[in-house]
Amino acid sequence: MINRDSGLAREFWESRAPGDCYILDFHAHMHNLASMYLPAFSPELMIEVMQRCNTKLTVFCSHMAMAYAEFEEGYNLNVAKRFPGHFLAYHAVIPGRTDFKAAIARLEANKAYYLGMKMHADTDQTPLTSDAYKPFMEYLDANRLPALLHTWGGSKYDGVDEVATIATRYPGAIFICGHSFHDDWKNGAELIKNHPNLIAELTAVMDNRGAIELLCAEVGSERILFGTDVPWFDTHHGVGAVLSADITDDDRRNIFYRNGEKLLKQLHKDNIYVNRA
């Protein structure tokens with residue numbers, strides 16, 4: 001149920017999206033996936049959803065780029081270039097298949113279109129602490145750049161123990177903890193709270209009552225980014241979950257756009273979204 005005590009929730013209910021409160025989505029994918037029906041899988045269809053939800057920016061990594069290193073430019077970089085200001089890309093890192101020198105050259109030459117890197121250790125069955133990720137981690141650390149990590153409770157590849165190690169080993173890197181260690185909420189929140197280079201992210205968190213409140217209480221709403229996993233989940237569901245959570249409207253604004261704006265302006269002053277704004 002939408003929180004009746006929230007003026008912001010009432011505004012969303014009446015106008016679908018207040019003009020002064022918009023969405024920045026830091027966890028999305030794109031393009032089709034074999035044997036899956038994803039109704040808003042293309043950039044054009046995703047933009048239609050963004051317009052309905054007042055989403056100003058979506059940061060994504062294509063399914064195709066996450067599966068095939070050779071598809072990085074076609075399915076990530078070229079999409080960000082075709083739709084400037086709507087999308088920024090995460091450069092996919094596939095252990096053993098993504099060429100480090102080529103990836104860094106691509107990132108350096110296209111800073112306006114990339115936010116950082118994307119690592120899905122569970123899919124690749126490679127621990128985040130492994131040597132396969134090491135050169136990429138060192139680059140993030142040296143350049144104070146972000147990576148969106150898939151994190152999951154109990155995972156031996158990207159669970160609390162793995163992320164604790166890399167957070168300590170690479171203090172200059174910014175690690176966006178996708179799913180915020182799903183189901184291991186308390187340990188995940190404690191880890192994020194104690195490491196200033198970790199940021200909580202809400203994809204799939206919003207399917208659990210009380211998880212948003214726990215993160216706000218333990219980590220603080222100033223260290224939480226909004227994300228949906230579009231086109232897997234609907235943005236309206238994510239917005240509704242934040243609006244119905246037992247938090248303040250100030251917390252909601254932090255999650256929806258303030259924290260994201262701060263990250264974009266601090267770390268990527270030259271990206272196409274900030275330049276447009």
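1. Contact of H11 with H12. In this predicted model, Val239, Val242, Leu243 and Ser244 of helix H11 meet Arg252, Ile255 and Phe256 of helix H12. Sorted by class, the contact of H11 with H12 holds five nonpolar residues, one polar and one charged. H11 covers residues 235–244 and H12 covers residues 249–267; the two pack at an angle of about 155 degrees, with their axes 9 Å apart. Angles over 145 degrees count as roughly antiparallel, so H11 is roughly antiparallel to H12.

2. Contact of H8 with H9. Helix H8 (residues 160–169) and H9 have axes that come within 10 Å and cross at roughly 5 degrees. H8 is therefore roughly parallel to H9. From H8, the residues in this contact are Val160, Val163 and Ala164, and they meet Asn187, Gly188 and Leu191 in H9. The class count for H8 with H9 is four nonpolar, two polar and no charged residues.

3. Contact of H9 with H10. Helix H9 (residues 185–194) also packs with helix H10 (residues 211–218): their axes come within 9 Å and cross at roughly 30 degrees. Angles under 35 degrees count as roughly parallel, so H9 is described as roughly parallel to H10. The crossing of H9 past H10 is right-handed. On the H9 side the contact is made by Trp185, Lys186, Ala189 and Lys193, and on the H10 side by Ala211, Leu214, Leu215 and Glu218. Here the contact of H9 with H10 has five nonpolar and three charged residues, with no polar ones.

4. The volume of the largest cavity is about 50 Å³. Its lining is made up of Asp25, Met46, Val49, Met50, Thr55, Thr58, Val230 and Thr235. Helix H2 (43–53) and strand E2 (55–60) are the elements that give two or more residues to this lining. H2 supplies the largest share, three residues. Divided by class, the lining of the largest cavity has four nonpolar, three polar and one charged residues.

5. Cis peptide bond. Val230, one of the residues lining the largest cavity, is joined to Pro231 by a cis peptide bond, with omega at about 10 degrees. Pro231 lies in the loop between strand E8 (224–225) and H11.

6. Backbone at Ser180. Ser180 is not a glycine, yet its phi is positive, at about 50 degrees. The residue sits in strand E6, which spans residues 174–182.

Note on methods. Residues are numbered from 1 along each chain as its sequence is written. This is a predicted model: local features need pLDDT of at least 70, side-chain atom pairs count only at pLDDT 80 or more; totals for chains, interfaces and linings use all residues. Side-chain values use heavy atoms; hydrogens and water are left out. On a 1 Å grid over the protein atoms alone, a cavity is a set of points where a 1.4 Å probe fits but cannot get out, and a pocket is an open set with protein on both sides within 12 Å along at least five of seven lines; lining residues have an atom within 4 Å of a point. Grid points are joined across faces, edges and corners, and a volume is the space filled by probe spheres set on the points. Helices (H or I, at least four residues) and strands (E, at least two) are DSSP runs, numbered from the N terminus. Ala, Val, Leu, Ile, Met, Phe, Trp, Tyr, Cys and Pro count as nonpolar, Asp, Glu, Lys and Arg as charged, and the others, Gly among them, as polar. Axes are lines fitted to C-alpha atoms, for helices over the stretch in contact, and angles run from 0 to 180 degrees between N-to-C directions. Angles under 35 degrees count as roughly parallel, over 145 as roughly antiparallel, 65 to 115 as roughly perpendicular and the rest as oblique. A crossing is left-handed if the near helix is turned anticlockwise from the far one by less than a right angle, and right-handed if clockwise. Contact means heavy atoms within 4.5 Å.
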